[in-house]
Amino acid sequence: MATADYDAPRTQPDEQDSLEDLRARRETPDTAAVDVEEPESFELPGAEQLDEELVVPVVPMRADEFRCSQCFLVHHHSQRAEPGHDVCRDCA
Ligand SMILES: [Zn+2]
């Protein structure tokens, strides 16, 4: 009669199958989240290369800004020491 007890657990695999189905459904959003993370990891190398270029960077000057010929810093036009000379007040 004990074998009947062993047979009983054998019915559980059916439940496990259903659990696997549930897990499979639960894994769907998980894998989707992983898919989102993977592209980010691939983007990092490229982003680092872009950062290296941006570290050295030519700061885009605005029309109202100028780059000092002495300290090479970009200042607002109001910081220009003399009109026609790209020298800031600090360097003048
Ligand atoms: Zn300067």
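This is a predicted model: local features need pLDDT of at least 70, side-chain atom pairs count only at pLDDT 80 or more; totals for chains, interfaces and linings use all residues.

Biologist: Is Cys68 buried or exposed?

Modeller: Cys68 is buried, because 20 other C-beta atoms lie within 10 Å and the cut-off for that class is 20 or more.

Biologist: Which residues does Cys68 touch, leaving out those up to four places away in sequence?

Modeller: With those set aside, Cys68 touches Leu73, His75, Asp86, Val87, Cys88 and Cys91.

Biologist: How far is Cys68 from Arg89 in space?

Modeller: The two C-alpha atoms are 9.2 Å apart, with 21 residues of sequence separation between Cys68 and Arg89.

Biologist: Where does Arg89 sit, then?

Modeller: Arg89 belongs to the segment after E4. Arg89 is exposed, because 12 other C-beta atoms lie within 10 Å and a residue with 12 or fewer falls in that class.

Biologist: And what does Arg89 touch, again without residues up to four places away in sequence?

Modeller: Arg89 touches Gln79 and Ala81, on that count. Ser78, 11 residues from Arg89 in sequence, has its C-alpha 9.1 Å from that of Arg89.

Biologist: Let us turn to the strands. How do E3 and E4 pair?

Modeller: Strand E3, residues 80–82, pairs with E4 in the antiparallel sense over 2 bridges. Arg80 has Cys88 as its bridge partner in E4.

Biologist: How many residues lie between the strands of that hairpin?

Modeller: The hairpin of E3 and E4 has 2 residues between its strands, and Gly84 takes a positive phi near 90 degrees there.

Biologist: Which residue other than glycine has a positive phi?

Modeller: Phe72 is one of interest here, with phi near 60 degrees. Most residues other than glycine have a negative phi.

Biologist: Where is Phe72 located?

Modeller: Phe72 lies in the loop between strand E1, residues 65–67, and strand E2, residues 74–76. Phe72 is exposed, because 10 other C-beta atoms lie within 10 Å and the limit for exposure is 12 or fewer.

Biologist: What about Phe66: in which strand does it lie?

Modeller: Phe66 is in strand E1 and is partly exposed, with 19 other C-beta atoms within 10 Å. Without residues up to four places away in sequence, Phe66 touches Met61, His75, His77, Arg80 and Asp86. His75 and Asp86 are also among the residues that Cys68 touches.

Biologist: How far apart are the C-alpha atoms of Phe66 and Ser78?

Modeller: They are separated by 9.5 Å, and the two residues are 12 apart along the chain.

Biologist: Now the whole chain, please. What pattern does the protein follow along the sequence?

Modeller: The order is α-α-β-β-β-β, from 2 helices and 4 strands. Of its 92 residues, 3% count as buried.

Biologist: What share of the contacts join residues at least 24 apart?

Modeller: The share is 0%, taken among contacts between residues at least 6 apart in sequence.

Biologist: Which elements have the lowest and the highest mean pLDDT?

Modeller: Helix H2, residues 12–55, has the lowest at 62, and strand E4, residues 85–88, has the highest at 94. The protein as a whole averages a pLDDT of 72, and 48% of the residues score at least 70.

Notes:
Residues are numbered from 1 along each chain as its sequence is written. Two residues are in contact if their C-beta atoms, placed from the backbone, lie within 7 Å. pLDDT is the predictor's confidence in each residue, from 0 to 100. Two strands pair if DSSP finds at least two bridges between them.
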